[in-house]
Amino acid sequence: MVGFGKLVEGETRKSIVGYDVAEGVDIRGRYDAEFATILTKDALEFVATLQRQLRNHIKYAMDCRKEAKLRYNKGAVPGFDPATKPLRDADWLCASPPPAVADRRVEITGPVERKMVINALNSGAKVFMADFEDALSPNWENLMRGHINLRDAVRGTISYHDTARNRVYKLNDQTAKLFVRPRGWHLPEAHILIDGEPATACLVDFGLYFFHNWSAFRRNQGQGQGPFFYLPKMEHSREARIWNNVFTAAEKFAGIENGSIRATVLIETLPAVFQMDEILYELRDHSVGLNCGRWDYIFSYVKTFQAHRDRLLPDRVLVGMSQHFMRSYSDLLIRTCHRRGVHAMGGMAAQIPIRDDAKANEAALELVRRDKLREVRAGHDGTWAAHPGLIPAIMEVFDSNMGGSANQIQSARREDAAGITAEDLLQIPRGVRTMEGLRLNTRVGIQYVAAWLTGSGSVPLYNLMEDAATAEISRVQNWQWLKYGVELDGDGLGVKVTAELFGRVVEEEMERIEKEVGKERFNKGMYREACKIFARQCTAQVLDDFLTLDAYNHIVVHHPLASSRL
């Protein structure tokens with residue numbers, strides 16, 4: 001296929017056993033007998049059927065995104081759609097939350113790696129969101145092993161032998177409920193072609209997981225309902241409608257009742273905050289709430305207003321929930337969800353335990369407690385944690401403030417948020433810009449991309465668990481500051497961000513990274529390649545929509561004879 005990845009040469013038909021594929025499907029990922037138990041002919045036919053039924057709807061939705069981007073770049077701003085005001089004003093409810101997931105007060109998230117899956121399900125959280133999206137580097141091995149891991153987890157047979165520690169990990173009797181997050185509509189899966197085109201990544205993620213697990217999940221996890229999902233990166237209710245069509249088609253295929261599949265939508269793009277009622281309405285039989293995907297939301301704010309010189313962000317560490325536009329977004333989400341009878345989930349606590357500094361660890365935990373206290377008092381029904389070590393502290397905050405209830409859908413109606421306006425949601429964040437902010441963006445961005453290129457999508461950096469969302473904020477903020485030559489006004493330097501200054505910062509931060517990680521690891525890693533990608537993205541004339549789309553080319557490896565039917 002043209003445009004994605006590298007080609008492995010020298011393979012011959014005699015040297016390889018291929019996947020038995022459905023008509024019109026071509027597998028370009030490496031053949032592995034265990035992968036073949038996931039990539040069965042029937043499973044691939046299921047994925048291909050979804051893509052053929054929906055490809056025109058997906059293309060239209062992506063074209064609409066491009067048209068909206070052009071409008072914003074010409075000076076328009078997102079807002080509530082007057083045409084759907086009657087729907088927003090009307091009284092209607094989504095289906096009631098399934099009993100299996102009525103209580104979601106603490107959820108843990110992480111990639112679909114085998115040890116992570118076991119530890120997360122055993123963590124004491126109510127829910128584990130297994131991630132094919134921002135916490136995963138989607139190379140072929142990670143994707144296929146991820147599906148194997150989830151299949152084994154759903155059946156309760158998953159185990160992992162850590163040879164370094166000589167320890168075997170397996171599931172406890174009581175585990176978290178499993179949600180799965182597929183990738184977004186915009187991403188291709190270049191290792192699988194359907195009718196000569198790259199498969200839509202989220203349909204591959206959803207389709208393979210659903211095909212192999214729907215029955216065992218309903219028996220072992222869902223109390224007769226499910227499976228359960230998280231849906232990322234949507235910008236408009238038309239994209240939710242496509243997901244609803246996917247769910248309906250899957251339920252008909254499996255012969256299960258309408259509304260069995262349930263999903264929480266991440267509100268993590270600025271346009272989507274104006275579409276929350278509409279998104280819930282499209283998914284009303286399949287919805288189990290909305291989530292504040294706050295890091296991607298900040299990224300989306302910059303991307304949406306990339307042509308608006310008057311909407312420059314301060315240092316990203318200052319863009320928290322105390323900012324008016326962020327608090328308004330959270331409050332409106334709670335009010336919208338509870339009005340429609342579903343969960344309003346809070347944002348991520350990205351801190352990780354600081355094992356060698358008790359004082360610093362307690363200070364970090366106190367920040368987490370304060371953030372979660374704000375969320376539960378605002379009316380959120382649950383929240384996210386990036387590390388199992390945070391769960392007891394977060395659980396205690398929610399337990400102490402929810403009065404023994406499984407959720408706050410009925411008790412925290414938040415009618416006071418009914419008056420939140422578009423102006424509230426778009427208010428320009430306040431704060432200063434500093435050299436340290438520029439340096440931190442650069443240092444974190446390069447290190448994240450380096451890890452992503454070598455197969456890690458969830459990366460501990462400076463006592464925080466970073467995923468693609470943080471790298472995206474770092475990239476677009478650097479790009480914005482460079483494009484508009486902003487003055488770094490917060491540290492008394494008064495210098496303007498120029499290409500020359502950025503070049504020096506990149507060089508100096510690369511030296512710092514080498515010192516921090518050590519020369520041997522630096523030379524063995526992909527830091528130099530990551531630096532080129534990140535710096536090119538920050539200095540581009542036109543802002544790319546997603547960093548990972550560019551970097552994806554570097555992790556796709558094609559094995560042209562992997563399919564047995566060509």
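These notebook entries record what I looked up in this structure, one topic at a time.

**Ground rules.** I am working with a predicted model, in which local features need pLDDT of at least 70, side-chain atom pairs count only at pLDDT 80 or more, and totals for chains, interfaces and linings use all residues. I number residues from 1 along each chain as its sequence is written, and my side-chain values use heavy atoms, with hydrogens and water left out.

**Strand S7.** I began with S7 (177–181), taking helices (H or I, at least four residues) and strands (E, at least two) as DSSP runs numbered from the N terminus. Here 5 of the 5 residues are buried, so S7 is largely enclosed by the rest of the structure; buried means under 20% relative accessible area, exposed over 50%, and partly exposed in between, with a 1.4 Å probe and protein chains only. In a regular strand the side chains alternate between the two faces of the sheet. I find both faces of S7 covered, with Lys-177, Phe-179 and Arg-181 buried on one side and Leu-178 and Val-180 buried on the other.

I then looked up its neighbours, where two strands pair if DSSP finds at least two bridges between them. Strand S4 (residues 127–131) runs parallel to S7 and is joined to it by 5 bridges, and Ala-130 has Val-180 as its bridge partner in S7. Strand S10 (residues 228–231) is also parallel to S7, with 2 bridges, and the partner of Phe-179 in S10 is Phe-228.

**Arg-183.** Next I followed the chain to Arg-183, in the loop between S7 and strand S8 (188–194). Is Arg-183 buried or exposed? I note that Arg-183 is buried, since its relative accessible area is 3%. Leaving out residues up to four places away in sequence, Arg-183 touches residues including Phe-132, Glu-133, Leu-143 and Pro-232, where contact means heavy atoms within 4.5 Å.

**Lys-170.** Beyond residues up to four places away in sequence, Lys-170 touches Ile-118, Asn-122, Ile-158 and Ser-159.

**Cavities.** I counted 2 cavities of 30 Å³ or more; on a 1 Å grid over the protein atoms alone, a cavity is a set of points where a 1.4 Å probe fits but cannot get out, and lining residues have an atom within 4 Å of a point. Grid points are joined across faces, edges and corners, and a volume is the space filled by probe spheres set on the points.

The largest cavity holds about 190 Å³ of space. Of its 18 lining residues, the closest to the centre are Glu-133, Asp-134, Leu-187, Trp-452 and Thr-548. Helix H15 (468–484) and helix H19 (547–552) are the elements that give two or more residues to this lining.

The second largest cavity has about 40 Å³ of space, and its lining includes Lys-233, Glu-235, Asp-296 and Phe-546.

Notes:
1 Å grid on protein atoms, 1.4 Å probe; cavity = no way out; pocket = protein on both sides within 12 Å on 5 of 7 lines; lining within 4 Å.
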